Amino acid sequence: METSAGPDAARRSVSVSSSVFRGRIGCDVRSGHYAVPHRYRLHLSLSCPRCLRIAITHGLLGLEETLPLVLLPSTPDTPGGGYAALRPLYEASAHQYAGPAAAPVLSDSWTGRIVSTHVPDIQRDLALRFRGTGPDLLPAGREAEIGAVGDLCERSVNQAAQRAGELGLDDAHAHLDPLTVFFAALDSLERTLGRHRYVLGEDITAADVVVWVTLVELDTVHRRHLDAAALDRIAAHPALWAYAQRLAAHPAFGRRLDLDGIASRHRAHCRGREAAGAAMSIVDWRAYQG
C-alpha cells in the first residue's frame with residue numbers, strides 16, 4: 001500500500017473510460033495539491049459502500065471543520081450511474097468528458113476541478129495529509145496487512161456473496177464454490193476478532209473501516225439473495241457481529257448509516273433474486289442511525 005505522495009504523485013492522471021481521476025494530496029505547496037483547510041470538498045452518497053468508507057474515515061479523523069462534506073442523493077439521478085450535481089466538475093476536469101459523473105469525488109474549490117475519485121487514494125490522503133485529531137488509521141509497517149484485509153473483504157466476502165446470490169438456489173453445486181470461499185473469509189475474521197478488539201489488534205485502523213462497511217453491505221444487501229440456511233451460518237459468528245454492533249455505536253460509524261438510502265440503491269441496481277427466508281437482518285442497524 002502506498003503511503004507517501006511527493007510532487008510527482010500529486011499530478012492528475014485521468015482515464016475517461018473508467019472515470020478514474022488519480023490526483024494526490026502532497027506534503028507542501030510544491031505538490032500543487034496540499035492540505036489546506038476548506039480548500040477541498042468531499043462529494044459522497046452514503047448509500048454507496050465506497051462513499052461510506054470515506055465518510056467514516058472523515059469522521060474518525062475529526063475533519064468536519066477542515067474538509068466539508070457534500071452529500072448526494074442515495075440513487076444516481078443521471079443515466080450511467082452519475083449525478084447531475086457532479087457533471088460540471090467532471091467536465092471541467094477532462095475535456096469532452098463523456099463518462100458518468102459518479103461519486104465519490106474529492107474536489108478542489110480553488111480550481112473547480114476533481115482531485116481524485118479513487119477511494120484508496122482518498123482514504124490514504126485523509127489519513128496521512130489531513131490527519132485531524134483522530135487515530136492513526138495507517139500505522140507504519142501495517143500497510144500490507146491493511147491491504148490484505150481489504151482484498152479479503154472485496155474478493156472473498158463481497159464478490160463471493162454476490163456471485164452466490166446471482167446463481168440463486170436452482171443449482172446447489174454451482175453456488176457451493178463461492179459460498180465456500182465466503183464462509184472461509186467470515187471464519188477467518190471471526191477468529192481474529194475473537195482474539196483482538198479490532199482487526200489488527202487493540203487499536204482501530206483503516207482495516208476496521210473496510211470490514212465494518214463490508215458487514216453492513218452483507219447484512220443489508222447480500223443476505224437478501226441467500227437462503228435461510230446460509231443466513232443462519234452467517235449469523236453464527238458471534239465475535240464478528242458483536243464487533244459490528246460495537247463499532248456501529250461509535251458516532252463516526254453509526255451516524256453515517258443511511259439504511260433507507262441503501263435499500264433504495266439496492267432496489268435500483270438489483271439484478272439478482274430475493275431468496276425466501278432471509279428477510280430478517282442480523283443486526284438492528286436502525287438503532288445506530290444518527
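Author: A residue is called buried when its relative accessible area is under 20%, exposed when that area is over 50%, and partly exposed in between, with a 1.4 Å probe and protein chains only. The model is predicted, so local features need pLDDT of at least 70 and side-chain atom pairs count only at pLDDT 80 or more, while totals for chains, interfaces and linings use all residues. Residues are numbered from 1 along each chain as its sequence is written, and side-chain values use heavy atoms, with hydrogens and water left out.

Reader: How do you know whether Trp 212 is buried or exposed?

Author: The relative accessible area of Trp 212 is 0%, and the limit for buried is under 20%, so Trp 212 is buried. Phe 253 also has a relative accessible area of 0% and is therefore buried.

Reader: What makes Trp 212 and Phe 253 a pair, and which kind of pair is it?

Author: A pair of aromatic rings is described by the distance of the centres and the angle of the planes. Rings of Phe, Tyr and Trp (its six-membered ring) pair if their centres lie within 6.5 Å, and planes under 30 degrees apart count as stacked, over 60 as edge-to-face and the rest as tilted. The ring centres of Trp 212 and Phe 253 are 5.1 Å apart and the planes stand at 80°, so this pair is edge-to-face. Trp 212 belongs to helix H6 (residues 206–220) and Phe 253 to helix H9 (residues 251–254), and the pair links these distant parts of the chain, 41 residues apart. Helices (H or I, at least four residues) and strands (E, at least two) are DSSP runs, numbered from the N terminus.

Reader: How many aromatic pairs does the rule give?

Author: The count comes to eight aromatic pairs. In one of them, the ring centres of Tyr 34 and Trp 110 are 6.3 Å apart with planes at 80°, so this pair too is edge-to-face. Tyr 34 lies in the loop between strand E2 (20–21) and strand E3 (40–44), and Trp 110 in the loop between strand E5 (105–108) and strand E6 (113–116), so the pair ties together parts that are 76 residues apart in sequence.

Reader: Why does Trp 110 count as exposed?

Author: Trp 110 has a relative accessibility of 52%, and exposed means over 50%, so Trp 110 counts as exposed.

Reader: What makes the charged end of Arg 233 sit over the ring of Phe 183?

Author: A charge sits over a ring if NZ of Lys or CZ of Arg is within 6 Å of the ring centre and within 35 degrees of the ring normal. The charged end of Arg 233 sits over the ring of Phe 183, 3.8 Å from its centre, and that of Arg 246 sits over the ring of Tyr 198, 5.4 Å from its centre.

Reader: Which residues form one aromatic cluster?

Author: Phe 21, Tyr 90 and Tyr 97 form one aromatic cluster.

Reader: How many helices and strands are in the chain, and how much of the chain is buried?

Author: The chain has ten helices and six strands, and buried residues make up 49% of its 290 residues.

Reader: How do contacts in the chain join residues that are at least 24 apart?

Author: Contact means heavy atoms within 4.5 Å. Among contacts between residues at least 6 apart in sequence, 71% join residues at least 24 apart.
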